Amino acid sequence: MVVDRNGDPVAILRDVFAPRIMIEIAMRTANTVVMSGVDSGEFVRNAKDLAEKLDHIGITLSEAGAVRIEAADGSFLGAASVSGAPTGEDDERCVRKALKAVEERLMFDDM
């Protein structure tokens, strides 16, 4: 799942065998990044009490698995999230690998 800086979905990709709930989990962890401005795992580690309270609203999810997407100048573009690995930390590693693969496309400062 990729969301823009407002939390609106930009791209969703789901394996045909993945349960639909994975989309909801990815969306809510991405919203955690949008709301907090930091990777979802970092937010949970640094603000666990607040993270758990926000989960009750139904917009965020206190799990690792979503990371910030930044342009070359550090400006916030949105968030990317993965759901379905055994742990949120595994999801986050998948997201980082995916972002690394498209890293050059995020370098807008040379245009």
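1. Where is proline 19 found? Proline 19 sits in the loop between strand 2 (9–11) and helix 1; helices here are DSSP runs of H or I with at least four residues, strands are runs of E with at least two, and both are numbered from the N terminus. Proline 19 is partly exposed, at a relative accessible area of 43% (buried is under 20%, exposed over 50%, partly exposed in between, using a 1.4 Å probe and protein chains only). From its C-alpha atom to that of threonine 29, 10 residues apart along the chain, the separation is 16 Å.

2. A word on the model: it is predicted, so local features need pLDDT of at least 70 and side-chain atom pairs count only at pLDDT 80 or more, while totals for chains, interfaces and linings use all residues. Residues are numbered from 1 along each chain as its sequence is written, and side-chain values use heavy atoms, with hydrogens and water left out.

3. Four strands make an open sheet, order 2-1-4-3, with antiparallel pairing (two strands pair if DSSP finds at least two bridges between them). Strand 2 and strand 3 (66–70) are the edge strands, each pairing on one side only. Neighbouring strands are turned by 35 degrees against each other on average, direction ignored; axes are lines fitted to C-alpha atoms, for helices over the stretch in contact, and angles run from 0 to 180 degrees between N-to-C directions.

4. Strand 4 (residues 76–81) pairs with strand 3 over five bridges and with strand 1 over three bridges. In strand 4, serine 81 stands opposite alanine 66, alanine 80 is the bridge partner of valine 67, and alanine 79 is that of valine 3. Five of the six residues of strand 4 are buried, so this strand is largely enclosed by the rest of the structure.

5. Check the hairpin of strand 3 and strand 4 too: there are five residues between the strands, and glycine 74 takes a positive phi near 90 degrees.

6. Now the helices. Helix 1 lies across strand 1 (2–4), strand 2, strand 3 and strand 4, at about 150 degrees to strand 4 (contact means heavy atoms within 4.5 Å). Helix 4 (residues 88–101) lies across strand 3 and strand 4, at about 20 degrees to strand 3.
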